[in-house]
Amino acid sequence: MLTATPAMNRLEMAGADSCAEVVLPAEFTVAAWNLERCRFPEASAALLRPQQPQLLLLSEMDSGMARTEQRNTAAAVATELGMRYVFGVEFLELDLGGDTERPFCRDDYNLRGFHGNAILSAVPFGRVCMLRLDDHGHWFVPQTAAATDLAQPRLGGRMAILAEVETVEGPLCVVSTHLESNADADYRERQFACLLDEIDRFAPDTPVLIGGDLNTGNHLPPDFDWRAEGLFELARARGYAWDLTPDGVTTRASTITPHPTRCMKLDWFCSRQLGGAVGTLIAALDPQGVALSDHDCLLATINYGG
């Protein structure tokens with residue numbers, strides 16, 4: 001079914017044509033953010049703009065969904081920030097979304113029904129590819145989904161976008177990914193191993209930066225202990241580090257996810273052959289205190305030669 005659906009196997013690339021720079025400097029800023037459908041593209045871009053990130057690794061971006069006014073949200077954020085983008089479909093949504101999302105739907109249909117990951121860049125992309133991580137229809141049959149997600153039947157599964165960008169010091173492989181929430185730690189470890197194998201094929205000798213919502217500990221309420229995940233040691237054994245990730249819980253209550261007791265550390269940077277400095281968690285709040293997402297934004301400074 002996935003192979004017969006073109007949108008599930010293609011990447012959309014567009015955005016600014018006239019960026020001043022064609023390569024990244026040796027030191028630059030990167031952000032990773034699960035934007036929870038991206039209901040507020042302009043406000044989200046405004047929150048990021050003072051940080052001047054040259055790369056954005058984004059997940060849960062809608063395109064043609066009634067709950068986000070049928071907008072291509074990756075394109076909207078890229079336009080606001082004057083960046084290029086590449087977007088890939090994680091799920092083709094078969095309905096309007098969950099119970100807390102339907103009140104935001106002005107239409108009773110989805111124009112496209114796409115939901116996925118994106119990379120935004122201040123410089124042109126080189127090679128890009130998509131990796132589908134699931135061999136399992138976790139979300140296709142509603143009864144297999146978590147109790148809070150029974151109204152969200154979807155075609156597809158978790159995936160990653162891999163892209164090559166140039167820096168003054170050489171090429172960099174950047175990855176935006178989103179691992180499965182409706183599964184256990186062993187399943188996510190297998191997904192991450194699959195991702196690392198694909199990176200070895202795509203960019204075997206290149207520095208790598210992975211960013212995204214890895215759903216670590218999401219199967220262990222009420223403690224949500226991310227330390228139970230095997231993917232951390234798996235990555236270390238293969239030459240990766242996690243030390244660019246800021247400390248602290250990365251989730252918060254939002255208009256779509258009004259659960260203040262769900263305090264989880266789901267979002268991470270994972271790097272190979274890169275130096276840098278840990279940034280901060282940027283609170284996902286607009287100036288009026290409205291939550292832009294149920295995830296805060298991770299920020300880090302990357303030093304290619306470090």
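## A cavity and a helix pair

The lining of the largest cavity divides into 4 nonpolar, 2 polar and 2 charged residues. Here Ala, Val, Leu, Ile, Met, Phe, Trp, Tyr, Cys and Pro count as nonpolar, Asp, Glu, Lys and Arg as charged, and the others, Gly among them, as polar. The model is predicted: local features need pLDDT of at least 70, and side-chain atom pairs count only at pLDDT 80 or more, while totals for chains, interfaces and linings use all residues. Residues are numbered from 1 along each chain, and side-chain values use heavy atoms, without hydrogens and water.

Among the lining residues are Glu 36, Arg 39 and Phe 40. Ser 293 also lines the largest cavity. That cavity holds about 30 Å³ of space. The count is 1 cavity of 30 Å³ or more.

Now the helices. Helix 1 and helix 2 pack at about 45°. Helix 1 passes helix 2 in a right-handed crossing.

| Helix | Span | Residues that meet the other helix (heavy atoms within 4.5 Å) |
|---|---|---|
| Helix 1 | residues 41-48 | Pro 41, Glu 42, Ala 45, Leu 48 |
| Helix 2 | residues 73-81 | Thr 73, Ala 76, Val 77, Glu 80, Leu 81 |

The residues of this contact divide into 6 nonpolar, 1 polar and 2 charged. The two axes lie 9 Å apart.

Key. Axes fitted to C-alpha atoms, helices over the stretch in contact; angles between N-to-C directions. Helix = DSSP H or I, 4+ residues; strand = E, 2+ residues; numbered from the N terminus. Left-handed = near helix turned anticlockwise from the far one by under 90°. 1 Å grid on protein atoms, 1.4 Å probe; cavity = no way out; pocket = protein on both sides within 12 Å on 5 of 7 lines; lining within 4 Å. Points joined across faces, edges and corners; volume = space filled by probe spheres on them.
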